[in-house]
Amino acid sequence: MAQAGRASLKEQRYDRQLRLWGDHGQEALESAHVCVINATATGTEILKNLVLPGIGSFTVVDGNQVSGEDVGNNFFLQKSHIGQNRAQSATELLQELNNDVSGNFVEESPEKLLDNDPSFFNRFNLVVATQLPESTLLRLAELLWNSNVPLLVCRTYGLVGYMRVIIKEHTVVESHPDNTLEDLRLDKPFPELKEHIQSYDLDHMDKKDHSHTPWIVIVAKYLTKWFNEKSDQLPKSYKEKEAFRQLIRQGILKNENGTPEDEENFEEAIKNVNTALNTTEIPRCIEEIFNDDCCINLTEQSPSFWILARAVKEFVANEGQGSLPVRGTIPDMIADSNKFIKLQNVYREKAKKDIAAVGNHAAKLLQSLGKAPESISERELKLFCSNAAFLRVVRCRSLSEEYGLNTFNKDEIISHMDNPDSELVLYMMLRAVDRFYKQHGRYPGVYNYQVEDDIGKLKSCLTGFLQEHGLSVVVKDDYVHEFCRYGAAEPHAVAAFMGGAAAQEVIKVITGQFVIFNNTYIYSGMSQTSATFQL
């Protein structure tokens, strides 16, 4: 009883997010352990947005002491914390947001941990690095890349926000695409659907039944008529679709005066012609997954995603006759309950049958790999089949590839530099700022008296970066001046925005739902714009 009470309390607390990522997404979130490096304004804003939805546990790594500057831009640090360890102070206040979350802190700099205990970072589901110098970041990124631990880099620099996702391979079953079309198969009806549609006789029905026939049946009936009388092809052009709509209109019952009756189900059929007549085909991104090496050459180490992808591929080649498993859902519509439920069951039963067929292929594959049949659960199988058209695989480049002179993505940079105010200019400025730090041991313009002198120094750092990478692009002097004026400040408004955006990506990685960006995100607080690039 107490357990049921706790569950309903949790449902009340997390109601809105449960609608987004479901119980299984929440479970993944609650069993995750995330490490955040540096309890800066950006770091604590990210954590706030992870603690509130109920991340299982977090660990803050920060060897710095709280300064007056920290208190000025960080809501999770107070005046009384000045002189104390920043990780501990922030953790105490963050924990107050949610009692179900376990917060830990390590009073150590990431540099020391990398020197003395590098395996420390391997225990986390994901690591978030904020405001790290380039040299430390490259070391950390290399370590996590080799250990297959996802890394999210997040940085606030003046009015500029930067994020970079570093993950070898991220597979997504529930990508939640916008505006998905229903999977109705009216162009390729399966035998059970054909039989169900044939059971309707629109010409010999009383008025009540006629006006409560589901629109899917109406479109299917008139499609058969279209094929018999007009063409052996689906109506494709605007003209053909209009002719098809007219054909449906002619089927509306007329009263004794010859005026068409008010049949909303027929109007619904006419309105849905466009979406109902989409061709059943396998999306290109799914074809790419089927042709991926990981799908073709399965091993004992293959994750369940690739085993199920291969099982679906085999289903398509056999039982599916070139089509993916039926999704098994239909939209709500005007119809009487009996007719709607019967139609719904036709799709549901077909989906169950397809899931069972994919399950058989998966069982054979698991057996051939020497894996236990229960290593893929029924829930996982169902979820995979119902989302078979929306699978996604994201592969990011490593940070060392991005920073390597022979491996950096020159084409991506050049292709965006037609616009002198592209967000990519901000990326190059951040790289120049890191170069400045390497040479001078500080960031440009940290104190007011340095701003003028640092403009020339930062400009030469930028020129050096561009020349070294063979980039003949022009960056306006305004940007150099602006970055010197920033003085590496971390304004709370920008940090809060980046904290929200970064936490969202962390949740996507942990729950395996929605699609992460690949791989660099830049936000400009000056123009209120943002963009992603594949660097």
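This is a predicted model: local features need pLDDT of at least 70, side-chain atom pairs count only at pLDDT 80 or more; totals for chains, interfaces and linings use all residues.
Start with strand β4, residues 126-130. Buried here means under 20% relative accessible area. By that cut-off, 5 of the 5 residues of β4 are buried, so the strand is largely enclosed by the rest of the structure. Both of its faces are covered. On one side sit Leu 126, Val 128 and Thr 130.

Now look at the strands paired with β4. Strand β1, residues 33-37, runs parallel to β4, and 4 bridges join the two. Cys 35 has Val 127 of β4 as its bridge partner. Strand β5, residues 151-157, also pairs with β4 in the parallel sense, over 4 bridges. There, Val 128 has Leu 152 of β5 as its bridge partner. Between β4 and β5 the chain passes through helix α7, residues 134-147. This β-α-β crossover is right-handed.

The buried residues are Arg 86, Ala 87, Ser 89, Ala 90, Thr 91, Leu 93 and Leu 94. An α-helix has 3.6 residues a turn, so residues three or four places apart point the same way. What covers the buried residues of α5? The cover includes helices and strands: α3 (41-51), β2 (57-61), α4 (68-73) and β3 (102-106).

Finish at the N-terminal end of α5, which Asn 85 caps. A side-chain oxygen of Asn 85 lies 2.9 Å from the backbone nitrogen of Ala 87. Ala 87 is itself one of the buried residues of α5.

Conventions. Residues are numbered from 1 along each chain as its sequence is written. Side-chain values use heavy atoms; hydrogens and water are left out. Buried means under 20% relative accessible area, exposed over 50%, partly exposed in between (1.4 Å probe, protein chains only). Two strands pair if DSSP finds at least two bridges between them. A crossover is right-handed if, with the strands pointing away from the viewer, the path from the first strand over the helix to the second runs clockwise. Contact means heavy atoms within 4.5 Å. A polar contact is a pair of N or O atoms within 3.5 Å; within protein, one must be able to donate a hydrogen and the other to accept it, and residues adjacent in sequence count only if both atoms are side-chain atoms.
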